[in-house]
Each structure stands twice: as structure tokens, then as C-alpha cells.
Amino acid sequence: MNNLFIQTQSQNASHASKGSREEAGAKAIEFLNTLQGLEEVKTELNRLLAFARILAERKKRELKCESMSLHMLFVGPPGTGKTQVARQIGRLLYSVGLLRRGHVVETDKKGLVGQYVGETPKLVQEKFEEARGGVLFVDEAYALDDGNYGKEAIDSLMKLMEDFREDTIVIFAGYDNDIEKLLSTNPGLTSRFTRRMKFTNYQSKTLLHIFNDLVERGGYKLDETASREIARQIEDLARRGERDPNFGNARAVRGLYEKIITSQSERLAGAGEPNDFTDEQLTTIVRSDIECIDR
């Protein structure tokens, strides 16, 4: 696994503040290193953190620094960790002193686009102000490319992104092709977003690892025949995902897991009273629990 390696520090902060920053960065890195199937993203995060640390040090020493924005594009299919990574970006950049607060505000078209004249700029301003000093994460950002009010939201957001580019980071997330279409509608958008992180479909090995982790955290275990069956089904799931642009990746695996444990409960409930079963029976998933689910 390609782990994040940056050590976080903020030598110009007070002892209490320094501890808070380092703790935030350490927790973010620890969480991100548990995520599966994000090797390319982690490589980009390491580059970002290396740049951020040096830039923060230059600013601390009052050395000349180029005025740069860190607005980002997160592109890829659903269920590949875009929102989870975005929630940690603020912590990471707070930990090296580039963001004052490091919090993340999540929104989408509904939170930015109004229903009547004059409402949209106000909504954008309010949401941006809420994110000041941290990160504004706009999920399914391509939906903003919809009518005059959507264009108004983009125009308002672009001005704020430029005016406060060293204070607040905006992340647009969505499907690769849809984000490209959005960028093509306004040349100014492309110049605002200086970094792109590409999230790809998970391979079957990663999907299986995610499933087994859910099983373990849920206090279950698979018998030998169930292990073979789930490996086969997840292989099929991954192949279907290659053909389906809406494939949910980790979400699809979680959905499969929830169906299986429901199936296991139904099997046991039909075989006797709950207090009749041993701990082994209550926690073991067998092949029939997997085979009978409705996919």
C-alpha cells in the first residue's frame, strides 16, 4: 500500500495549538492509510503535503512566496472515496499551517442554487463564509451546469475562489466526463482548479478486502464455502463495474454485505428461537446466506 508519509508540524504556533494541529494531521493520515484502492490519490496527497509543508515554512520565515490557490477537482465514479478524502484534506492542510481552521463544509447544487432572482449569490456567499479558513466540498458539481441560476452560482463562486484563494479551498467532485463538460462551459473554471485527483474503480481484490473488513468489524465470520462464494461474487461484481459507469464500488460492497447479514438473520430466525443458537451459529455466515440474496 502507498501510505502517506508526511510528518506534520507547526513550529510557530503555541504549544497547545501545535499539539492540536499535529493531532489533526496524524488522525487524518491514520484514517487515509486505512482506505483501500487509492494508490494514485495517496501519491497526489503526498505531493500536496510536501508542497504545503514547504510553502508554510517559507511563509513562516517571511520568504517570498507565489500567490497560489489549492482548489481541487476530485473526479471518478461513485463509491471510490472522494467524500472521505475531502473530509481529511482540511485536517491535513490545517496541520501544516496552511488553513486557519481546517474544517470541511459539504454542499451540492441544492445548497448553492436558489429558486428566484437574487437568491443564488446570497446562498453561495453564505456557504462560502461557512467554509472560510477550511474547505468547501461541492459534490456532483457538474449539476451546477443547469440554467441561468446555475451559471450565476458558478460566477459567484469563481469570484470568491479568487478573492480568498489563500484562505479557503474549494473542491469540485463528480464523474470525470461531467466535470470536463462543466469546465468547458466557463474557461475561468479551469484556471481556478490547479490540482486534479483521479479516483478509479476498485479492483476485485480491493473490493474483497473491503467486504472482509466489514465482516470483521461487524463481528461475523465466513465459513470456508461462504468465503469461496463471496470471492466469486465479488469478482463478478467488479467485472460488472467495469461496464457500468454508475457502479457504486465500496457502496455496492456495503450493500451486498447488508443483504448477506440480513439473509443470515432470516435463516436463523426460521430455524429456531434466538436463544437456541450458539455464539458460533449467530456469528457465522454460510454459503446459502450468500446464494439466496436478491441481487
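Which helix supplies the largest share of the lining of the largest pocket? I will come to that in a moment, but please keep in mind throughout that what we have here is a predicted model.

Let me begin with the pocket itself. The largest pocket holds about 680 Å³ of space, and its lining is made up of 28 residues, among which Gly79, Gly81, Gln84, Ala250 and Arg251 are the ones that lie nearest the centre. If we sort that lining by residue class, we find ten nonpolar residues and ten polar ones, together with eight that are charged.

Turning to the helices, at least two lining residues come from each of H1, which covers 15-34, H3, which covers 82-95, H9, which covers 204-217, and H11, which covers 250-269. The answer to my opening question is H9, which contributes five residues, the largest share of the lining.

H9 also packs against another helix, H10, which spans residues 224-243, and here the two axes are 9 Å apart and meet at an angle of about 130 degrees.

By class, the contact of H9 with H10 consists of seven nonpolar residues, with one polar and one charged residue besides.

Methods
Residues numbered from 1 in each chain as written. Predicted model: local features only at pLDDT ≥ 70, side-chain atom pairs only at ≥ 80, totals over all residues. Heavy atoms only, no water. 1 Å grid on protein atoms, 1.4 Å probe; cavity = no way out; pocket = protein on both sides within 12 Å on 5 of 7 lines; lining within 4 Å. Points joined across faces, edges and corners; volume = space filled by probe spheres on them. Helix = DSSP H or I, 4+ residues; strand = E, 2+ residues; numbered from the N terminus. Nonpolar A, V, L, I, M, F, W, Y, C, P; charged D, E, K, R; others polar. Axes fitted to C-alpha atoms, helices over the stretch in contact; angles between N-to-C directions.
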